[in-house]
Amino acid sequence: MSSTLLDAPAPPRQEIRRKRRPPYLPWLLLSATMVLLGVLTGFPLVRLVVMSFQEYERAQLMGLPAEWVGFDNYAAILTDVDGFWTVLARSFVLMVVLVVVTIVLGMLVALLMMRVGKAMRLLVSVGLLLAWAMPSLAATTVWGWLFDTQYGVVNNLLTKITGDRWFGYSWLLDPLSFFVIVTCIVVWGAVPFVAFTLYAGLTQIPEEVIEAAQLDGASAFQRFRLIQLPYVRSIVTVLVVLSMIWDLKLFTQVFVLQDIGGDRELTSTIGVYIYQTGMAQGHYGVASAIGVIFVIVMLAIAYPYVRRTLREEEL
Amino acid sequence: MINIRKRLADTGFGVLALMVFVLSAFPVYWMVSTSFLPNNRIRGENLAFFPTPDVFTLDNYRAAIFSPRAPFAPAVLNSIGVTFLTLVIALVVGFVASLALTRFQFKGRRTFIVLILVVQMIPGEAMIISMFRIIDGWQLLNTIIGLTLVYTAGVLPFTIWTLRGFVNGVPKELEEAAMIDGCSRAGAFWRVTFPLLAPGLVATGVFAFIQAWNEFVTALVIMQRPEAMTLPLWLRTFVQATQATNWGAVMAASVLIAIPAVIFFLIVQGRMTGGLVSGAVKG
Amino acid sequence: MNKNRLVGAAASAITLTLALSACGNAGGAAAPEETGPGEVRVWLVGTDTPPEARDYLKKTFEEENPGSTLTIEEQAWDGLVDKYTTALSGSDAPDVVEIGNTQAAAFTSAGYFREITADEFETLGGSDLLPGFVEAGDWEGKHYALPYYSGSRVVFYSKQVLGDTAVPTTLDEYVDTAVDLKTDDLSGVYWPGQDWYNALPFIWENGGYIAEQAEDGTWDAGFSSEGGLAGLEQIQTIMTKGNNAPSDAQETDLQVPFCEGKVAFLSAPSWIQWSINAPEKPEDPDGVPGCASTYGKDLEGLALPGKDGGAAQVFAGGSNIAIAQKSARPDLAMSAYEILLSDEYQSILAGIGLFPAKTSLFEKVDQSTSIGKAAAEAAANAKLTPASPKWADVESKTLLQTAFSRIAAGEDVKTIAEKLDADIEEILNS
């Protein structure tokens, strides 16, 4: 489809008379969005901010009037080094690891798909598609089963290979191996999308360019660095931004693995932490305040990106 | 000499490709294989690696589909309903909005774009309780419409954001050229721009699909009756059941929830990546 | 967005919040009550309630209330508090709910349950109802959740596995026997790491405590007290030297290793005897295979022995049951509630070895077998978790599960105990 786009004949450069459009038209087009987001995002957002200044617990959910507590919730969170700050730092470190591993592996797989023959490429595509299509809850459940302490195939194979007794070895109890498994699940599910997209991008590079470089004696690595990488750079940027958003919002994988048997305190990421504080323990005021702080942190980080977008919009 | 080296390299890369295949497909294989095995070959140290005819069984599927704890058929219907509605509403509403944001210059446009971006940073888990109160206030708990509304609001900002890139990617001049040829503005749009956007719509739709088909935390709160469960909630009842963590049935349930997703991805796969590339290159 | 609009939005949000609050307050008492046929939903948790009891409840209710229907919706213990918190506060709330006795306070204290008036309390059983469980469902002197059943843990064993080994008569002997019996293929005591209920007796028997409230109302957690540490040491000895169960597992499917003959002693709720004694090939597709013809045949029960002999103080497991404040049909809900606490219904529970909500029905529990006798001995010595509405948060944070998993993994007991105490105190005193 995109090739059609590239091949499309250049539009004639003639001046056409612009009709004046009614100024309300864009707002009309936006009206459905505004109603939906206003009611289902805007209003909850206002409530979120309001609740973050209240002592809002289970009793308030049943109708007891909430008490205003000013910045108490915020003060409690911001001074909670072992809780909030640790979770925040953990979420960011995990995000960086996940994004780097996903993008690097995705790129390698895409290059591999360029290199191998048609049959092999089809085989790889089938494998990737299966991994990609697996719903995250089902995927996490299956991985939990692979690493099951007692009956998991991983412990079974390790026992057969090493001769030691691996049955009963818990992969989830130790936070480090817990996150190794989380990384496996997330990367396994995310690489296909990255690889497919990069592969589609790489195939757009005209063959002559690569061939010419080859004749000039450029090594495979040089060809990658000087031709292929610059060509797909904008795609990589988009993939990195998307992966960052998704990986920071990581919830299902961590939540479900904790259920199967992890240490909640040492493995929670920000989404799970908010859920535990609010939904599980009923401290809705505190959970709301964490949400607000998180948005502020995100805004601070994303500020350059927002500004760049806005500048582009001015053009 | 060079030929031999090339052959060796080819074989090496072939082996690598095979490894990629095995690594990505193994969990899926293991899920399917387990789902056809009886419990005594799943647990215990004598694992069966393949459901050979002598041990092959459909019991796990029977247990999953006829579970008294959570009915399967309503869960399928609910999931399909919610996913379909979310997909359609998000695409239509999002598409219209993205047109407004790309093809028009108006006051407030930039603010709107920033808001769309900022909204995506709010952690959804913090909003669940407010969402619940709203949906409850409208008497829409345990209804497909209630859950669809929440999901649509959840995916809409991302949908608009992505579609905006795609619409930007289609040069305005194409439409203008068509208008010179006598098309109305709307006509030019439908005949020229819209077809070029199809891959973009598919790509964006996939994300709405993933969200609506996989989500379970909001569903947990909104869909509380057994007959209102979506598939992820249904799958969770197997994992959670305290007395019988029946791994065979859990895997059978996982297979059942994955099949529609695999079909959907098979259909859209080609279009989607193409769409994303053109969106990124042009956007 | 200009300032005025922002203020306006905030103001309307606040008004709405207040309006919603007002509705909430009025919900239970003042709303005009419907009469006539309707629908009642009962939430029972897990599979403890046997099918006969469910059928009886539905049948009796629909006979007594012609035209009305009763639906039982089974919930999972996992994430129960999360689910109830929202479900019971919504407009489509279930009518009657079962809740773990240790979780009840989180809801009674927040107005989730309908008050059981003194008159109703007398009709439903009054002083015949299990006192400890009644207390667990009280809040500020009023009744909200009444006992549903209790079932303390019993130690199961099969002579086929045990052989000539003597049955232990003190807690110390129990620990030693477990360690002696353990091989690569046999657990002396089968104990998955997350099972904290089974750990409490060791704390109590060694003179420790979970948490005690001082005069000024602050809580002091006692896992790191002298007795607490002694108990934890014993627990670690069993878990690491007498046990092959995974350190991170929950207490699910306990009958599976037992039926494989890989367990000498298994401390579990008394109803597990029916899972063990189930046929090898279950008729129900959802059923789990047992081993009626092998290890189920000579299944014996034993009350966990105490430090100085006799029965140990064990955790009083069980459930309470309550009517949701937001029930749309409190009249029908009460009708179902009366059946749930009736002698007939409770006798069915007694029939499978659960201890009924009323002390006068205890004799209905078959005590001719060693299992029944052990269950009665254990129940007589049962204790509860600290009576604080915040205790449910300790459970939903899975602090105990995690701590005991770590103990099972062989980590330092003192460090874990001190951390656990600090975490529990932080929650209870917040």
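**Helices, domains, contacts and a sheet**

Modeller: Let us start with a helix pair: helix 9 (residues 175-202) of chain A and helix 12 (residues 252-261) of chain A pack at an angle of about 135 degrees, their axes 10 Å apart. This is a predicted model, where local features need pLDDT of at least 70, side-chain atom pairs count only at pLDDT 80 or more, and totals for chains, interfaces and linings use all residues. Residues are numbered from 1 along each chain as its sequence is written, while chains are lettered from A and ligands numbered from 1 in the order in which they are written.

Colleague: How are helices and strands, axes and angles defined here?

Modeller: Helices (H or I, at least four residues) and strands (E, at least two) are DSSP runs numbered from the N terminus. Axes are lines fitted to C-alpha atoms, for helices over the stretch in contact, and angles run from 0 to 180 degrees between N-to-C directions. Angles under 35 degrees count as roughly parallel, over 145 as roughly antiparallel, 65 to 115 as roughly perpendicular and the rest as oblique. Helix 9 of chain A and helix 12 of chain A are therefore oblique to each other.

Colleague: Which residues of helix 9 and helix 12 of chain A meet?

Modeller: Two residues are in contact if their C-beta atoms, placed from the backbone, lie within 7 Å. On helix 9 of chain A these are Phe178(A), Ile181(A), Val182(A), Ile185(A) and Val186(A), which meet Gln253(A), Val254(A) and Leu257(A) of helix 12 of chain A. By class, this contact has seven nonpolar, one polar and no charged residues. Here Ala, Val, Leu, Ile, Met, Phe, Trp, Tyr, Cys and Pro count as nonpolar, Asp, Glu, Lys and Arg as charged, and the others, Gly among them, as polar.

Colleague: How many residues do chain B and chain A bring to their contact?

Modeller: Chain B brings 85 residues and chain A brings 83. Helix 12 (residues 247-282) of chain B gives the largest share of chain B's side, 20 residues. That side of chain B has 65 nonpolar, 13 polar and seven charged residues.

Colleague: And how many residues are in contact between chain C and chain A?

Modeller: There, 34 residues of chain C are in contact with 29 residues of chain A. Helix 1 of chain C supplies the largest share of chain C's side, 10 residues. The residues on that side of chain C divide into 12 nonpolar, 16 polar and six charged.

Colleague: Which domains does the assignment give for chain B?

Modeller: Domain bounds come from an automatic or database domain assignment. For chain B it gives domain 1 (2-57) and domain 2 (63-282). Their C-alpha centres lie 33 Å apart, and seven residues of domain 1 of chain B are in contact with six of domain 2 of chain B.

Colleague: Last one: in what order do the strands of the open sheet in chain C run?

Modeller: Strands of a sheet pair through backbone hydrogen bonds, either parallel or antiparallel. Two strands count as paired if DSSP finds at least two bridges between them. In chain C, four strands form an open sheet in the order 8-11-7-12, with mixed pairing. Strand 8 (187-189) and strand 12 (299-302) of chain C are the edge strands, each pairing on one side only. Strand 7 (residues 153-158) and strand 11 (residues 263-269) of chain C pair in the antiparallel sense over four bridges, and Arg153(C) stands opposite Pro269(C) in strand 11 of chain C.
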